[in-house]
Amino acid sequence: MIDKMGSSFKDYAPFALRLGIAVLFIVQGSRDLIHSPARAEPIIIAAIEILGGLFALIGFLSRWAGAALMILMIWTIVDGPGLRVFTDKHEQWPLAAFFMCFALFGL
């Protein structure tokens with residue numbers, strides 16, 4: 001019964017995932033690019049976020065974009081909050097983004 005109800009949405013689920021990832025990373029990358037100091041690391045991170053979000057949005061090399069963003073989220077977790085991503089509600093965004101990118105990589 002539940003399979004018949006949700007079957008019409010199965011075709012749109014990858015698009016919804018790509019759209020959500022694209023919005024999150026394009027906005028975050030743009031904000032990071034505007035507010036980043038003139039060092040190489042924040043500019044590279046912002047470029048990966050913006051390009052990965054754009055590739056996810058248009059569906060071009062989505063799997064590679066998901067892999068790059070997934071690696072970036074691992075770096076963000078290790079470099080920033082660490083294990084607090086599991087306990088602190090204000091630090092859980094990188095973990096949620098990691099799993100969204102993992103799902104995009106698996107599609």
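This is a predicted model: local features need pLDDT of at least 70, side-chain atom pairs count only at pLDDT 80 or more; totals for chains, interfaces and linings use all residues.

Reader: Then is Phe 98 buried or exposed?

Author: Phe 98 has 16% relative accessibility, so Phe 98 counts as buried.

Reader: And what about Phe 102, buried or partly exposed?

Author: Phe 102 counts as partly exposed because its relative accessibility is 48%.

Reader: How are the rings of Phe 98 and Phe 102 arranged?

Author: They form a stacked aromatic pair, with 6.4 Å centre to centre and 25° between the planes. The structure holds 4 aromatic pairs.

Reader: How far apart are Phe 98 and Phe 102 in helix H5?

Author: They are 4 residues apart, which means that about one helical turn separates them.

Reader: Which residues make up the aromatic cluster?

Author: Phe 98, Phe 99 and Phe 102 form one cluster.

Reader: Where does Arg 63 lie?

Author: Arg 63 is placed over the face of Phe 105, 5.7 Å from the ring centre.

Reader: Turning to pockets, how much space lies in the largest pocket?

Author: The largest pocket holds about 320 Å³ of space. Helices H2 (13–35), H3 (40–58), H4 (62–79) and H5 (93–106) each give two or more residues to its lining.

Reader: Which lining residues lie nearest its centre?

Author: Of the 14 lining residues, Gln 28, Asp 32, Ile 45, Glu 49 and Thr 76 lie nearest the centre of the largest pocket.

Terms used
Residues are numbered from 1 along each chain as its sequence is written. Side-chain values use heavy atoms; hydrogens and water are left out. On a 1 Å grid over the protein atoms alone, a cavity is a set of points where a 1.4 Å probe fits but cannot get out, and a pocket is an open set with protein on both sides within 12 Å along at least five of seven lines; lining residues have an atom within 4 Å of a point. Grid points are joined across faces, edges and corners, and a volume is the space filled by probe spheres set on the points. Rings of Phe, Tyr and Trp (its six-membered ring) pair if their centres lie within 6.5 Å; planes under 30 degrees apart count as stacked, over 60 as edge-to-face and the rest as tilted. Buried means under 20% relative accessible area, exposed over 50%, partly exposed in between (1.4 Å probe, protein chains only). A charge sits over a ring if NZ of Lys or CZ of Arg is within 6 Å of the ring centre and within 35 degrees of the ring normal.
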